[in-house]
Amino acid sequence: MKWIPNFNSSNSLRVIFVIAVFILLFLSSIAYKHNQSLNESSKLVMHTYEINLQLERLMSAIKDAETGQRGYIITRNARFLTPYLYSRDKVNSSFITLKKLTADNPVQQKNLERLFKLIIQRFVSFENCLKYSDPKTYDKRKLDNYMFGGRILMENIRFQVDKMNDIEKKYLDKRQKIYDQEISLSPVFSISLFLTALLFILLAYRQISKDFERLKIFNKKLLISSGLIAESEAIGKFSTWQWDLDSGKIDYSDNQFRLLGVEPNSFVPVKESFLDFVHPDDKQAVADSMQGILEKKKLPFIYYKILRPDHEIRYFKSTGKLLTDQQGSKILLGINFDITDEHLLNIELQERNRELEKSNKELASFNHVASHDLQEPLRKIQTFISRVSEADKAVVSNSTREYLAKIEVSAKRMRVLIDDLLLFSRTNTTKKEFIKSNLNELLQNAESDLTEIINEKKAVITATKLPKLSVIPYQIEQLFINLIGNSLKYSRPDSIPEIKIESEKILSADYPDLLDQSIKKFHKITFTDNGMGFDPQFKETIFVLFQRLHSKTDYPGTGIGLAICKKIVENHRGYILADSVLNEGSEFTVFLPE
């Protein structure tokens with residue numbers, strides 16, 4: 001039917017249209033205002049949820065660091081430190097976000113500052129735990145203290161986080177009530193008008209467009225992340241796999257195929273197909289391990305060999321962890337490591353150890369020769385020379401008497417040299433048993449051993465109180481004998497020898513370029529004399545074996561005494577220094593760890 005318009009109806013329609021437009025505009029303005037209020041309430045609610053989320057992320061980062069630290073302490077595998085190393089960045093990121101989110105809340109700002117101080121203390125505790133679990137600086141008591149203190153700090157952190165969450169929960173309850181009041185008015189504005197429907201359609205379209213763009217960005221990031229993981233596996237020579245214990249399905253990463261020497265996805269991953277790559281020597285052990293996974297639902301570390309299709313043998317290490325997803329399915333997540341390089345390095349190290357053992361045996365043989373085979377003919381030479389009486393010497397020629405005197409002197413020098421070599425060797429090879437000792441008593445023993453030469457030269461030895469340390473007593477006593485004897489030997493003929501021995505406790509931080517910083521405290525013991533001294537340019541070379549600064553005819557000795565001193569101090573993880581002014585005296589400084 002064809003519609004024939006008339007003027008009145010047209011005016012009425014215009015009036016109705018105008019009224020409808022005004023009503024629609026009025027309703028739209030009210031709806032707009034209502035939506036604005038609803039949006040503000042929603043933002044406040046989301047603000048609270050965002051704070052709770054960031055607090056959870058903060059706790060998660062600290063837990064990751066704690067888990068990584070424990071894994072590293074247990075396994076000494078540096079890969080477990082990855083979450084620990086990245087946790088600081090995560091904590092800092094969450095802290096910055098929380099600081100912005102709570103900028104308008106002084107109470108939460110103060111709580112956040114307390115929380116951050118606790119987190120800093122927790123990471124300091126992490127570092128101390130790693131430090132004192134290291135074999136080089138292992139200290140069980142300190143490790144236990146820091147582990148226990150870390151647990152207390154963790155409880156305080158949880159308490160502080162819960163406190164902040166409780167405050168946010170109160171804000172959430174208030175904001176939720178406002179939000180519920182706002183949203184309860186929504187049905188009033190849910191009118192079946194074209195403008196409202198069109199508005200919602202446009203809003204929905206806009207939101208869908210945003211979601212679609214966001215989804216594309218997330219997919220792109222996911223592809224980049226997958227690529228990075230794949231590259232990490234290739235660089236680190238490891239691979240990952242998943243075994244659904246309920247369905248029996250196994251999934252390999254691409255690098256798992258490559259480690260086996262084949263192209264990715266070149267075969268269907270099943271238990272039997274993997275066993276085909278295992279070396280015959282280890283096939284049964286790996287099969288038993290797989291059966292153990294099904295029975296015990298876990299995979300401890302297992303070491304085995306892989307025989308690639310090109311007949312190359314590779315050495316693997318595998319481990320796994322059981323996970324349960326939201327549907328209750330049990331999935332074993334595993335990691336395979338190609339440790340061929342480490343294995344070959346261990347073989348090389350074992351070979352070097354065998355060579356070292358062989359060298360030690362040869363050294364022991366040398367000690368036997370020096371202590372028995374060499375000394376026996378030397379004793380006979382000295383015995384026969386001593387039996388030549390003065391009457392016998394009187395009837396021989398002057399040259400013969402001179403030769404006999406030289407033989408006697410050389411035999412004595414050889415005796416001293418052999419004794420010094422044995423002492424040096426003993427310092428290197430003898431079992432090092434540390435005993436808590438009073439260094440004052442060891443010094444007295446050393447002085448008693450040198451009584452004859454001390455009295456002969458009328459030497460004056462003064463010493464401050466020395467500490468009690470865990471040392472190898474006979475070695476420290478020999479150290480004192482050598483240093484005091486060295487000062488007596490090189491004293492000036494025109495003055496009485498004066499030797500001062502002083503001790504003080506120092507911090508390793510005071511000597512950062514010299515002392516081991518992992519040891520906090522040392523005892524510094526100085527030996528100062530007024531002897532003839534030496535040129536300072538030789539202050540390092542005098543500790544070299546057989547190094548002499550004077551002719552053997554001027555001063556007796558073999559050049560081994562100070563080398564023995566250095567070896568003794570090194571056996572105690574200490575240091576020794578020498579300094580001197582020619583014709584004024586020398587100073588030897590010994591640093592021994594507390």
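Modeller: Start with strand 11, residues 575–581, which pairs with strand 12 in the antiparallel sense. Seven bridges link strand 11 to strand 12. Keep in mind that this is a predicted model.

Now follow the chain from strand 11 into strand 12. The two form a hairpin, with three residues between the strands. Look there for Asn583. Its phi is positive, near 70 degrees.

Strand 12 itself covers residues 585–593. Is it mostly covered or mostly open? It is mostly covered: eight of its nine residues are buried. For the protein as a whole, buried residues make up 34% of the 594 residues.

Strand 12 has another partner. Strand 10, residues 521–529, also pairs with strand 12. This pairing is antiparallel too, and it runs over seven bridges. Here, find Thr526 and look across to strand 12: its bridge partner is Thr589. So much for the strand you asked about.

Next, step back to the whole chain. The protein has 17 helices and 12 strands. Take its contacts between residues at least 6 apart in sequence. Of these, 65% join residues at least 24 apart.

Helix 14 spans residues 439–449, and helix 16 spans residues 473–489. They pack at an angle of about 50 degrees, and their axes are 9 Å apart. Why call them oblique? Angles under 35 degrees count as roughly parallel, and 65 to 115 as roughly perpendicular. The angle here is about 50 degrees, so the two helices are oblique to each other. Helix 14 passes helix 16 in a right-handed crossing. On the helix 14 side, the residues in contact include Leu439, Leu442, Leu443 and Ala446. On the helix 16 side, they include Ile476, Phe480, Ile481 and Ile484.

Ser273 lies in helix 8, residues 271–275. Its relative accessibility is 13%. Buried means under 20%, so Ser273 counts as buried. Which backbone oxygens does its side chain reach? One belongs to Val268, at 3.2 Å. Another belongs to Val270, at 2.8 Å. Set aside the neighbours within four places in sequence, and Ser273 is in contact with Phe267 and Val268.

Methods
Residues numbered from 1 in each chain as written. Predicted model: local features only at pLDDT ≥ 70, side-chain atom pairs only at ≥ 80, totals over all residues. Heavy atoms only, no water. Buried < 20%, exposed > 50% of the residue type's maximum accessible area, 1.4 Å probe, protein only. Helix = DSSP H or I, 4+ residues; strand = E, 2+ residues; numbered from the N terminus. Pairing = 2+ DSSP bridges. Polar contact = N/O pair within 3.5 Å; in protein donor to acceptor, adjacent residues only side chain to side chain. Contact = heavy atoms within 4.5 Å. Axes fitted to C-alpha atoms, helices over the stretch in contact; angles between N-to-C directions. Parallel < 35°, antiparallel > 145°, perpendicular 65-115°, else oblique. Left-handed = near helix turned anticlockwise from the far one by under 90°.
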